[in-house]
Amino acid sequence: MTIKATELFDVQGLAVVITGGASGIGLACAEVLAANGARLALFDSNAETLAQAVRRLSGEGAVARGECVDVTNRAALETAFESNCSAFGRIDVVFANAGIGGGPGFLAGDGTRNLQRRIEDIPPEQWQRVMEVNLNGLFWTIQSAVRQMKKHGGGRIIVTSSVSSFKTEQHVGMPYVVSKAGVAHLVRQSALELAGCNITVNAIAPGPFITNISGGRLKEPDARAPFERATPMHRLGEAADIQGLALFLASPAARYLTGAQVCVDGGFSLGRAD
Ligand SMILES: NC(=O)c1ccc[n+]([C@@H]2O[C@H](COP(=O)([O-])OP(=O)(O)OC[C@H]3O[C@@H](n4cnc5c(N)ncnc54)[C@H](O)[C@@H]3O)[C@@H](O)[C@H]2O)c1
């Protein structure tokens, strides 16, 4: 039997929630799913960029809703999931993507030690906030998603982790690296428990991407330089580089994939090539 790509990657009509959907990687996922007929709910804590994103996607003909919600607020998140399930009738796919940076690493861009970023100087408030958003908020998102998906016979959870979840980093802050390591194992553990419920859980692990994270610091050539040198493809990711994988993971083509973490990083996690 011939299987057409249009059927294999068909996301038409799927009800999709994307946390952190108003910017960067989440917005790129929203764009590719909207362009292929999915119905979208963007959850984001930034009311202004959220309204802009929803307006733009709707103006392009997509079915798009926005919920201004902070993923660290468990009750608000649960309410947002419930109201989207009522609006769309079900939730098929959840991108648990919202996340924040964890400050610079222990090496500066020129390779010297960054004395403000030694282990003993990492501010406790920063450590706690990064864990709260990147790890706890992601877990609350999975909990709310699972409650809705179990009512409707299954679904797809797609988490944004990072290559920092499994490799050490010189130029990325300690709290971020550790939060993402937790996320990677949360994906595997959730996938194991949920496989029998027809819910798959997979992760997209980006390398360095130029987005608005950490105040958009990777838009600055000096901040970008060490990552460009360390990336075998010699360029950082742009949001659109995530779209093929996002569409694949949301589509029927990925139906037997679970517990996987797929790197999109121009070879960054392989090590330096020159
Ligand atoms: N950009 C990179 O280099 C890179 C690399 C690996 C992984 N990631 C991960 O990708 C994900 C998306 O980041 P991005 O690079 O697109 O950044 P971004 O800042 O462009 O987008 C993140 C979005 O999440 C929202 N957000 C932040 N905290 C939130 C909260 N508590 N509740 C709800 N929404 C919140 C922000 O308002 C923003 O719209 C994050 O999990 C990040 O860790 C990014």
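How many nonpolar, polar and charged residues does the lining of the largest pocket have? In this predicted model, where local features need pLDDT of at least 70, side-chain atom pairs count only at pLDDT 80 or more and totals for chains, interfaces and linings use all residues, the lining has 18 nonpolar, 20 polar and six charged residues (Ala, Val, Leu, Ile, Met, Phe, Trp, Tyr, Cys and Pro count as nonpolar, Asp, Glu, Lys and Arg as charged, and the others, Gly among them, as polar). Residues are numbered from 1 along each chain as its sequence is written, and side-chain values use heavy atoms, with hydrogens and water left out.

The largest pocket holds about 920 Å³ of space, and among its 44 lining residues Gly-99, Ile-100, Gly-101, Thr-211 and Ile-213 are the closest to its centre. A pocket is an open set of points on a 1 Å grid over the protein atoms alone, where a 1.4 Å probe fits, with protein on both sides within 12 Å along at least five of seven lines, and lining residues have an atom within 4 Å of a point. Helix 2 gives the most to this lining, with three residues (helices are DSSP runs of H or I with at least four residues, numbered from the N terminus).

The ligand sits in the largest pocket, a term that requires more than half of its atoms to lie within 2 Å of the grid points. Of the 29 residues around the ligand, Ser-23, Asp-44, Tyr-176, Phe-209 and Thr-211 come nearest, a residue being near if one of its heavy atoms lies within 4 Å. A backbone N or O atom of Phe-209 lies 2.7 Å from an oxygen atom of the ligand, while a polar backbone atom of Asn-212 is 3.0 Å from a ligand oxygen atom.

Key. Points joined across faces, edges and corners; volume = space filled by probe spheres on them. Helix = DSSP H or I, 4+ residues; strand = E, 2+ residues; numbered from the N terminus. Polar contact = N/O pair within 3.5 Å; in protein donor to acceptor, adjacent residues only side chain to side chain.
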